[in-house]
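Here are my notes on the model you sent over. Please read them with the structure open.

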Amino acid sequence: MRSLRVLSGVLLATTMMPVVMAAVLADVEIPSDEASLQRGAQLATSVCLGCHGFKYLRFGNLQALGFSDEQFDSLRAGQDLDAALDSYTPADVARDLYGVVPPDLSLMAKAREGGPHHVYTLLTSYYTDESGVTDNHLLPGVRMPDVLGYSSAATPGERTELERQALDVVAFLSWAADPKVEQRERLGYFVLGYLVLFAALLYVLKRRIWARLG
Ligand code: HEC
């Protein structure tokens, strides 16, 4: 009986856990429009790439986001189209600096509970306390610095701007974790069209066969 009660307690705790964790994450809508994705890609390559890599992305993949030639050239900064998005900081240097190698961000939007909402909340949870120490509400003691400068935003307007930047980056991370979305949607239409054609063909066949029988 006792063990049953313990077991049900454990079961309850594990099913409640996602609910409790989700409550901590910001309830925001992750954009997926081209303008957000473009701004997100620009931030990711100019800021995040300083410490993190995106090993499953190549610079050429970013062309799918509809940049003008000029924007794309400045984003890629002379890199080959088939070069992977490696961090500008080599792993051993990063380990010396931060005590940890910053994780690859290619699949980060899927890697954590809450996905993009986890990353958004992380970026917008930095604060500085009275003694001047900067920390993070979501991940206290996290070794990533406040890269967007959220903890030093002085006005609500500044905070809103940084929240928009965080949304853009997270939109880009979601796209990066699933760059085949658009292709898959197109494939969906193709399959539908094929099914419609196939049904029409069957109908014609059926009519012919029955005509012959009749
Ligand atoms: C100055 C270096 C630096 C930059 C720039 C940087 N990061 Fe990080 N990041 C880190 C380090 C170091 C860690 C590992 C933190 C730890 O394990 O304590 C980390 C961890 C993370 C994590 C994982 C947190 C977790 O849940 O464990 C995410 C997500 C992340 N960074 C996103 C970003 C994004 C998005 C950007 C760009 C806006 C960015 N980082 C820019 C250094 C950096």
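1. The shell around the ligand is made up of 18 nonpolar, 2 polar and 2 charged residues. This comes from a predicted model.

2. Which residues are closest to the ligand? They are Cys48, Cys51, Tyr98, Arg143 and Met144. In total, 22 residues surround the ligand.

3. On the fold: the protein has 8 helices and 4 strands. Starting at the N terminus, the order is α-α-β-α-β-α-α-α-β-β-α-α.

4. The protein has 214 residues, and 23% of them count as buried. Take the contacts between residues at least 6 apart in sequence: 74% of these join residues at least 24 apart.

5. Look next at one helix pair. Helix α2 covers residues 34–46, and helix α7 covers residues 156–177. The two pack with their axes 7 Å apart, at an angle of about 95 degrees. Angles of 65 to 115 degrees count as roughly perpendicular, so α2 is roughly perpendicular to α7.

6. Which residues make the contact between α2 and α7? From α2 come Ser36, Leu37, Arg39, Gly40, Ala41, Leu43 and Ala44. From α7 come Gln165, Leu167, Asp168, Val169, Ala171, Phe172 and Trp175. By class, this contact has 9 nonpolar, 3 polar and 2 charged residues.

Note on methods:
Residues numbered from 1 in each chain as written. Predicted model: local features only at pLDDT ≥ 70, side-chain atom pairs only at ≥ 80, totals over all residues. Near = placed C-beta within 6 Å. Nonpolar A, V, L, I, M, F, W, Y, C, P; charged D, E, K, R; others polar. Buried ≥ 20, exposed ≤ 12 C-beta atoms within 10 Å, placed from the backbone. Contact = placed C-beta atoms within 7 Å. Axes fitted to C-alpha atoms, helices over the stretch in contact; angles between N-to-C directions. Parallel < 35°, antiparallel > 145°, perpendicular 65-115°, else oblique.
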